[in-house]
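Thanks for coming, everyone. I would like to walk you slowly through one structure today, so please have a look at the display before I start.

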Amino acid sequence: MTTSVPAHGAPEPAIVIDVEGLTKSFGGRTVVRNLSMQVHRGLIYGFLGPNGSGKTTTLRMLCGLLTPDSGHGTCLGYDILTQSAEIKRHVGYMTQRFSLYADLSIRENLEFVARVYNLDDPRAAADGAIRRLGLENRAGQLAGELSGGWKQRLALGACILPGPQLLLLDEPTAGVDPKARRDFWDEIHALAHQGMTVLVSTHYMDEAERCHEIAYIAYGELLAHGSVEEVIADAHLATYIVTGPDLADLAEHLKTLEGVDMVAPFGTALHVSGRDKTRLDAATKDLREHGPQVWSAGEATLEDVFIDLMSRTKDNFA
Amino acid sequence: MSAGVDGERRTRGFRAALSRVYAAFVKELLQLRRDRITFATMIFIPLTQLLLFGYAINTDPKHLPTALLIQDDSAFSRSFVSALRVSSYFDVGTAAASEAELDHLILSGRVQFGIQIPAHFGRDLIRGERPAILVVADASDPVAAGGAVSALQGLLSTVFSRDLTGPVAARAPQELPFEVRIHRRYNPAGETRLNIVPGLMGTILTLTMLIFTALSVTREVERGTMESLLAMPIRPVEIMLGKIAPYLVVGGLQAGLILVAAKLLFGVPVVGSLGLLVGLTLLFILANLSVGYTFSTIAKSQLQAMQMSFFFFLPNILLSGFMFPFRGMPDWAQVIGEILPLTHYLRIVRGIMLKGATFVDLQVDVLALGLFTLAAMTLAVARFRQTLD
């Protein structure tokens with residue numbers, strides 16, 4: 001794979017995305033509120049948050065598809081407000097919905113992309129991408145006829161074809177089977193290893209743990225960021241893992257207790273968390289000592305942290 | 001029968017079917033109310049088009065522009081001209097200085113009639129030599145010329161009876177003392193197909209070209225491909241030209257097919273230059289493609305784009321002079337007509353195919369088509385939503 005050299009010839013900045021105070025609203029509803037973030041070169045940066053939290057809107061503002069109402073910043077050193085043409089040349093953006101031409105073949109789609117980016121030999125570039133994707137036998141097949149997993153791989157292949165320095169992937173693995181998801185992530189890690197920066201939005205927790213750094217956004221606000229370990233540690237959640245009979249009834253009861261902030265079932269176990277360990281211990285003392293369930297101290301998972309973060313912001317907005 | 005009395009829902013039978021129809025009816029009505037443009041076209045298409053065309057269409061056109069070439073200076077000539085002036089059919093505005101100029105005026109379509117009174121008309125009339133008045137009618141649109149020609153004959157038989165008194169009373173008509181030679185140029189037999197077939201070429205091209213491009217941008221938006229197209233380094237004007245170009249070829253082929261069919265099936269010749277016809281037809285195709293593309297940048301769905309195309313297509317048919325004589329319409333309708341590309345193309349295609357008009361004769365219409373295309377393209381590029389805001 002070839003990586004294109006930036007046109008200006010200056011050394012590539014260590015910080016690829018650097019934005020401050022981005023705000024965007026649609027029809028009076030604020031979708032992204034005062035968002036600031038920095039993404040370092042060569043990292044896979046996970047962008048997490050529930051549906052409608054503003055992930056897609058943020059990605060679109062970064063690549064010039066949306067103009068922020070306020071805020072400023074740079075992407076690859078280009079101003080996101082005034083230099084979107086340059087940004088588009090060096091950023092690969094993969095949309096949430098499959099957005100290649102369903103009525104063009106795989107090869108035709110790739111050649112179209114190669115021509116739009118003014119690659120020297122579109123045919124050869126498409127050939128290379130087809131080989132990399134392992135689609136030699138199906139190059140003539142219509143893109144619309146591919147299965148979900150192959151569509152995503154093809155879309156990624158089209159994105160990296162022009163050799164971008166930054167990849168923006170909007171929920172690239174939604175609706176894709178686990179095997180295809182794993183292959184997809186292997187590919188992303190290989191790209192990052194070659195020096196590409198990847199900003200990927202998702203709401204799968206296992207995918208979040210595959211990222212070098214993550215940011216959690218809900219209701220348009222950036223609530224936490226850092227490595228997975230940092231985010232978990234910063235949340236200061238005390239957690240117990242409960243196993244035994246009648247967990248559903250116990251969960252209903254626990255939710256009414258002061259000091260218990262989150263109760264979530266995980267398979268045959270129940271995660272019980274509180275932001276204040278002393279209050280959580282006090283509230284659950286009886287239950288822990290007298291059973292019938294078995295309580296054991298546990299580690300909060302990333303999901304526990306996010307659900308807790310989400311419920312906190314919901315409270316603020318209610 | 002009250003619903004759910006015994007907790008059992010009825011899903012069979014006429015009433016149940018009717019209530020499902022009602023459910024679909026309410027849903028459809030709600031969706032319709034949200035789709036403003038569809039709603040507007042439902043009201044405006046019938047209303048405006050009815051008013052517009054009801055008042056505009058007139059198959060017995062009056063005030064037809066007429067050029068005079070008067071080479072005789074006698075009382076007879078003067079009363080003939082004043083009779084023409086008071087008649088409602090002729091609009092005597094232009095005086096030609098020579099036969100060549102008269103020919104050019106008719107060929108370029110600026111006048112419908114040219115009337116020539118030869119030298120010594122008055123003298124020859126008194127001498128009883130039956131001089132001839134030459135009336136040249138542009139019959140490329142037979143309907144437009146018909147009423148005026150018969151009015152002219154009636155007019156001539158009465159106009160001189162006032163002047164033919166006293167010593168020249170003997171010349172008063174039993175038979176007209178002069179001859180009126182009417183030349184129906186370009187379509188002497190008054191065959192409708194000679195007028196209709198070139199016109200159809202313009203109409204067919206308008207409809208097909210409009211629809212081709214009207215769907216092009218909305219299709220990308222509806223299929224979701226627009227988002228990634230916008231994220232690529234391609235500019236709106238580049239997208240537009242790339243989308244229009246293939247249909248220019250398609251339109252050219254269509255026009256070629258129609259021309260061959262016109263010749264073989266309908267026997268409509270191409271009197272003028274075929275090269276000029278092809279060139280200007282491509283310009284006309286381009287004009288319609290850019291209108292369609294403009295609609296495409298405004299419409300929110302393919303359905304809306306189709307509706308806009310029809311909204312534009314109807315006046316093109318009715319106000320351009322395709323179906324009804326252009327000069328029969330009131331002034332305001334002619335002004336609207338002058339904006340439409342088909343109006344100018346009809347003059348061009350009839351001019352070249354039937355009259356053998358040259359570029360010089362048609363330059364006003366060519367300029368109008370060019371300006372229209374440029375305006376439509378500028379609007380399309382300005383309207384193109386370069387972001388998803």
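In chain A there is an open sheet of four strands in the order S12-S13-S11-S14, with antiparallel pairing; helices (H or I, at least four residues) and strands (E, at least two) are DSSP runs numbered from the N terminus, and two strands pair if DSSP finds at least two bridges between them. Strand S12 (262-266) and strand S14 (294-298) of chain A stand at the edges, each with a single partner strand, so one side of each is left without a neighbour in the sheet. On average, and with direction ignored, neighbouring strands of this sheet are turned by 25° against each other, where axes are lines fitted to C-alpha atoms, for helices over the stretch in contact, and angles run from 0 to 180 degrees between N-to-C directions.

Before I go further, please note that this is a predicted model, in which local features need pLDDT of at least 70 and side-chain atom pairs count only at pLDDT 80 or more, while totals for chains, interfaces and linings use all residues. Residues are numbered from 1 along each chain as its sequence is written, and chains are lettered from A and ligands numbered from 1 in the order in which they are written.

Returning to the sheet, strand S11 (residues 238-243) of chain A is joined to S14(A) by five bridges, and the two run antiparallel; A:Tyr240, for instance, stands opposite A:Ala297 in S14(A). Helix H10 (residues 277-290) of chain A packs on the sheet, touching S11, S13 and S14 of chain A, and its direction makes about 140° with that of S13(A). Helix H9 (residues 247-255) of chain A lies across S11, S12 and strand S13 (269-274) of chain A, running at about 165° to S12(A). Contact here requires that the C-beta atoms of two residues, placed from the backbone, lie within 7 Å.

Let me step back to chain A as a whole, which has 11 helices and 14 strands. An automatic or database domain assignment gives the domain bounds, and chain A is divided into domain 1 (15-231) and domain 2 (238-299), whose centres, taken over C-alpha atoms, are separated by 39 Å. Of the 318 residues in chain A, 41% are buried, meaning that 20 or more other C-beta atoms lie within 10 Å of the residue's own, with C-beta atoms placed from the backbone.

How many residues of chain A are in contact with chain B? There are 16 of them, and they meet 13 residues of chain B. Helix H2 (residues 84-90) of chain A supplies the largest share of the chain A side, three residues.

Strand S3 (residues 113-117) of chain B is joined to S4(B) by four bridges and runs antiparallel to it, with B:Gly114 opposite B:Val136. Seven bridges join S4(B) to strand S5 (residues 179-185) of chain B, and these two run parallel; B:Asp138 has B:Arg185 in S5(B) as its bridge partner.

Finally, a word on confidence: pLDDT is the predictor's confidence in each residue, from 0 to 100, and its mean for chain B is 82, with 88% of the residues reaching 70 or more. Over residues 1-6 of chain B the pLDDT is below 50. Where pLDDT is low, the predicted coordinates should not be read in detail.

Notes:
A residue is buried if 20 or more other C-beta atoms lie within 10 Å of its own, exposed if 12 or fewer, and partly exposed in between; C-beta atoms are placed from the backbone.
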